[in-house]
Amino acid sequence: MRRAAVLAVLAALALSGCGLGAGATPAGTKLTITRDFGAKPLRELDAPAAKGSETVMRLLQRNAKVTTRYGGGFVQSIDGLAGGRSAGRPVDWFYYVNGVEASRGAASTRLRGGDRIWWDRHDWSATMRVPAVVGSFPEPFLHGIDGKRLPVRVECATPRSDPCKQVSQRLVSYDIPAATGGLLTASAPETLRVLVGPWQAIDFDHAIQGLEKGPAASGVYARVAKDGRTITTLDADGHAVRALGPGTGLVAATQSGDDRPIWVVTGTDDAGVASAVRAFEEGTLDHRFAVAVSDDLPISLPVAR
């Protein structure tokens with residue numbers, strides 16, 4: 001019932017048409033279609049067909065076979081793979097623009113130059129909402145949210161530490177200027193924040209405390225212990241798979257209320273933070289909703305059973 005209610009509300013927001021009319025074709029867009037939280041790539045188009053002022057729905061329809069529902073505002077199937085139920089579990093198509101879950105139907109979301117559009121069909125039994133993912137990195141830092149590029153701030157438990165410098169340098173390597181400072185030393189509501197440091201040093205920030213409670217609270221399929229000493233990986237049902245101890249890292253994105261998404265590059269200890277920093281790059285994060293790191297090996301979250 002709750003899924004249907006949400007879709008009904010969103011459907012009311014959808015535009016009646018899929019296109020926005022004449023205009024310049026958005027340049028530099030990318031279209032990714034996957035299933036099972038990015039685990040199974042279906043299509044990867046670095047230069048998808050687009051025309052004029054486009055919507056996300058119209059872009060998808062130009063590049064894949066699509067069926068819709070709720071008056072054409074929402075996707076039912078892509079290339080024959082439909083939402084509904086799979087193995088008794090609820091599954092549906094969700095889409096992300098520059099790594100941020102859309103708040104409106106695809107027919108009413110405008111496509112802008114440089115946007116990375118990611119459609120994924122997955123089980124939503126553990127949580128209906130995954131507000132942000134890391135798998136479109138360097139987005140949303142590079143092209144922003146809703147066409148607005150936002151300031152980026154790297155907030156560190158130890159501002160002059162190597163992990164802090166390395167995260168800042170990684171962003172700069174993608175031509176993303178980033179201010180660097182201590183934790184919560186500035187009020188910046190329209191800023192994309194990246195918190196760097198061991199969990200026990202950053203967990204007082206209310207925006208990330210949902211990571212201690214699992215996906216229903218954070219949208220991340222991991223649960224960090226309150227003392228920060230373990231990070232438990234979860235499957236798509238939200239069930240614990242493995243508790244990882246010393247040396248474990250985590251790269252994830254979450255959101256608190258209506259605030260902008262916030263990223264964490266954290267770990268159970270300094271060694272875990274160092275592992276997370278090494279994972280903070282496009283090749284490792286690509287197609288992943290979040291990443292735990294154990295023995296320097298990345299683990300996609302949620303963990304496949």
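Two strands pair if DSSP finds at least two bridges between them. Strands (E, at least two residues) and helices (H or I, at least four) are DSSP runs, numbered from the N terminus. Before you start clicking: this is a predicted model, where local features need pLDDT of at least 70 and side-chain atom pairs count only at pLDDT 80 or more, while totals for chains, interfaces and linings use all residues. Residues are numbered from 1 along each chain as its sequence is written, and side-chain values use heavy atoms, with hydrogens and water left out.

**Stop 1: strand β1 and its partners**

Select residues 30-35, which is β1, together with residues 116-123, which is β9. These two run parallel and are joined by six bridges. To see one of the pairs, show L31 and look across to its bridge partner in β9, I117.

I33 has R43 of β2 as its bridge partner. The two strands make a hairpin with four residues between them, and D36 in the turn has a positive phi of about 60°.

**Stop 2: another hairpin, and its sheet**

Move on to β3 (residues 66-69) and β4 (residues 74-78), an antiparallel pair held by four bridges. Click T67 and you'll find S77 of β4 standing opposite; T68 has V75 as its bridge partner in β4. This is a hairpin too, with four residues between the strands, and Y70 in the turn has a positive phi of about 50°.

**Stop 3: the disulfide**

A disulfide is a covalent bond between the sulfur atoms of two cysteines. Here it is called from a pair of cysteine sulfur atoms within 2.5 Å, and the structure holds one. The sulfur atoms of C156 and C164 lie 2.0 Å apart, and the link is right-handed, with 80° about the S-S bond.

Are these cysteines buried or exposed? Buried means under 20% relative accessible area, exposed over 50%, and partly exposed in between (1.4 Å probe, protein chains only). C156 is buried at 1%, and C164 is buried at 0%.

**Stop 4: two helices side by side**

Next, select α3 (residues 162-173) and α6 (residues 270-279). They pack at an angle of about 10°, with axes 10 Å apart. (Axes are lines fitted to C-alpha atoms, for helices over the stretch in contact, and angles run from 0 to 180 degrees between N-to-C directions.) That makes α3 roughly parallel to α6, a label for angles under 35 degrees; over 145 is roughly antiparallel, 65 to 115 roughly perpendicular and the rest oblique.

Which residues of α3 and α6 meet? On the α3 side show P163, Q166, V167 and R170; on the α6 side, V273, V277 and R278. Contact means heavy atoms within 4.5 Å.

**Stop 5**

Finish with the open sheet β13-β14-β15, whose three strands pair antiparallel. β13 (222-224) and β15 (240-244) are at its edges, each with a single partner strand. Zoom in on β14 (residues 231-234), which pairs with β15 over four bridges: L234 has A240 of β15 as its bridge partner.
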